[in-house]
Amino acid sequence: MNEVSTDVIRKELIIINSDLKSRDEIINTITEAASKLDLINDEKEYFDAVIRREDEISTAIGFDIAIPHGKTDVVTKPFIAFCRLNEKIHWANQDDELVQMIFQIGVPESNSGNLHLKFISEISKMLIDEAFREKLLVAKNADEIYNLLTQSK
């Protein structure tokens, strides 16, 4: 990823083989992990920002992928987290798309410009490639996924 540098994606924010069962559980788990890394300074406010965005329109984009994101000034440093579930789940409700891979983005609201859109664009470019998506699904550990996500395209 050109725009998404290695300081935005951290191995500590790559969760694989997860048995989480709901959108809110996933968003909360990633929120807690980002908080432990001091990337956000208010878990509730960040979580609420992501959920508010989801309530506007689901971020499930097809290909079993969702890209939830929150723009709020409780984000102290931009980040992208990745979660791969063991089993697909309905993202927002029983009628919504099935999701197995989640890219969660956090950016500060002030001075963010369209940073989250740049991140989403870079992720989307990679995810168009079916072979790349398959590599994300079969990667055995966080190191492999980290290398896939940070290699230059």
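Where is the place of Ser58? I found Ser58 in the loop between α2 (43-56) and β2 (60-62). For the naming I used DSSP runs, numbered from the N terminus: helices are H or I of at least four residues, strands E of at least two.

Conventions. I worked on a predicted model, in which local features need pLDDT of at least 70 and side-chain atom pairs count only at pLDDT 80 or more, while totals for chains, interfaces and linings use all residues. Residues are numbered from 1 along each chain as its sequence is written, and side-chain values use heavy atoms, with hydrogens and water left out.

Entry on Ser58. I looked up the exposure of Ser58 and noted a relative accessible area of 24%, partly exposed (buried is under 20%, exposed over 50%, partly exposed in between; 1.4 Å probe, protein chains only). Beyond its neighbours within four places in sequence, Ser58 is in contact with Trp91 and Asp96 (contact means heavy atoms within 4.5 Å). I also checked Asn93: its C-alpha is 9.7 Å from that of Ser58, at 35 residues apart in sequence. A polar atom of the Ser58 side chain lies 3.1 Å from the backbone nitrogen of Ala60.

Entry on the helix pair. I took α1 (residues 23-36) against α2 and read an angle of about 145 degrees, with the axes 10 Å apart. Axes are lines fitted to C-alpha atoms, for helices over the stretch in contact, and angles run from 0 to 180 degrees between N-to-C directions. From α1, the residues that meet α2 include Ile27, Asn28 and Thr31; among those on the α2 side are Tyr46, Phe47 and Val50. By class I noted five nonpolar, three polar and six charged residues in this contact (nonpolar: Ala, Val, Leu, Ile, Met, Phe, Trp, Tyr, Cys and Pro; charged: Asp, Glu, Lys and Arg; polar: the others, Gly among them).

Entry on β6. Why do I call strand β6 (residues 98-107) largely enclosed by the rest of the structure? Because nine of its ten residues are buried. I then listed its partners (two strands pair if DSSP finds at least two bridges between them). Strand β3 (residues 65-66) pairs with β6 in the parallel sense over two bridges, and Ala66 stands opposite Ile102 in β6. Strand β4 (residues 69-71) is also parallel to β6, over three bridges; Lys71 has Val107 of β6 as its bridge partner. Strand β5 (residues 79-90) runs antiparallel to β6 and is joined to it by eight bridges. There I found Arg84 opposite Met101 in β6.

Terms used. Polar contact = N/O pair within 3.5 Å; in protein donor to acceptor, adjacent residues only side chain to side chain.
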